[in-house]
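Here's a quick briefing to read alongside the model. Have the viewer open while you go through it.

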Amino acid sequence: MSETGTHASEAVAVAAERRWGIIVALIIAALVAMMIFTGVHWASMPPSRVETIDPRTLHISGEFVESNLGTAVEADGKVVVRLVAQQYSFEPQCMLVPAETPVTFRGTSSDVIHGFVIGTTNANVMLIPGYVATFTTTFRKAGEHLMPCHEYCGTAHAAMWARFQVVPQQEFMAKARKGERLTCVPR
Ligand code: CUA
């Protein structure tokens, strides 16, 4: 190959490399922008702090006894949902929360790993025996959702789900009594 031919093919190679460099940089920039958008806009929730609990005594005493499960309005006005997952159901079977209000979830499992997601909201968590999972989220609209278990937990995993009702804030607050736990009747 002549001297000029070598220079020409080198120039073509450099141009092609630069073009691919720009394309790859644009793809990376688009992926980072998507991560920032979904993180900020959908308010993705990082894992909560580690809080342990003995799964063998859940039902006997403490926060997760049956009479304390459901939605509570705490003394400080915060709305807290307490729930327990077990093979193959959630307790309570139907959860009731107010719309447009921050709702804190506190949940755990009494046997194996379960989890749940509420409809198409960003409420999505694993429930691991021995640990209390907590997160806070706000449901914008009133409505009813399905709340399926989303961690394979045994033969009847696919049949494990609860109902989830979001009602207008005023309707919820009218029902809420101090010290009482609210649930709903599955339809
Ligand atoms: Cu519980 Cu799958």
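What follows covers the overall layout, the strands, the surface patch and the salt bridges.

This is a predicted model, where local features need pLDDT of at least 70, side-chain atom pairs count only at pLDDT 80 or more, and totals for chains, interfaces and linings use all residues. Numbering starts from 1 along each chain as its sequence is written, and side-chain values use heavy atoms, with hydrogens and water left out.

**Overall layout**

- The protein has 2 helices and 10 strands, where helices (H or I, at least four residues) and strands (E, at least two) are DSSP runs numbered from the N terminus.
- Reading from the N terminus, the order is α-β-β-β-β-β-β-β-β-β-β-α.
- The radius of gyration is 25 Å, well over the 16 Å that the globule rule gives for 187 residues, so the protein is more spread out than a compact globule. That radius is taken over C-alpha atoms, and the rule is 2.2 Å times the number of residues to the power 0.38.
- Along the principal axes, the C-alpha atoms fill a box of roughly 90 × 40 × 30 Å.
- Of the 187 residues, 34% count as buried (buried is under 20% relative accessible area, exposed over 50%, partly exposed in between, with a 1.4 Å probe and protein chains only).

**Strands**

- Strand β10 (residues 161–167) is mostly covered, with 5 of its 7 residues buried.
- β10 pairs with β4 (residues 94–98) in the parallel sense over 5 bridges, and Leu-96 stands opposite Gln-165 there. Strands pair if DSSP finds at least two bridges between them.
- β10 also pairs with β9 (residues 143–148), this time antiparallel over 6 bridges; Trp-161 is the bridge partner of Pro-148.
- In β6 (residues 114–117), His-114 and Phe-116 point one way, Gly-115 and Val-117 the other, and all are buried.
- β6 and β7 (residues 124–127) run antiparallel, joined by 4 bridges. They form a hairpin with 6 residues between them, and Gly-119 in the turn has a positive phi of about 50°.

**Surface patch**

- A nonpolar patch with about 1100 Å² of accessible area includes Trp-20, Leu-31, Met-35 and Val-40.
- For the cut-offs, patches take residues with over 30% relative accessible area and no salt bridge; like charges are joined within 9 Å, nonpolar side chains (Val, Leu, Ile, Met, Phe, Trp, Tyr) within 5 Å. Accessible areas come from the Shrake-Rupley method with a 1.4 Å probe; for residues, only the protein chains shown count as cover.
- Val-40 lies in helix α1 (residues 3–41) and counts as exposed at 65% relative accessibility.

**Salt bridges**

- The whole structure has 8 salt bridges (a side-chain nitrogen of Lys or Arg within 4 Å of a carboxyl oxygen of Asp or Glu).
- Glu-51 forms one with Arg-106, the closest N and O atoms being 2.6 Å apart. Glu-51 lies in the loop between α1 and β1 and Arg-106 in strand β5 (residues 102–109), so the pair ties together parts 55 residues apart in sequence.
- Glu-51 is partly exposed at 22%, while Arg-106 is buried at 12%.
- Glu-63 forms a salt bridge with Arg-82, again with closest N and O atoms 2.6 Å apart. Glu-63 sits in the loop between α1 and β1 and Arg-82 in strand β2 (residues 79–86), so this pair links parts 19 residues apart in sequence.
- Arg-82 counts as buried at 8% relative accessibility. Salt bridges that share partners join Glu-51, Glu-63, Glu-74, Arg-82 and Arg-106 into one network.
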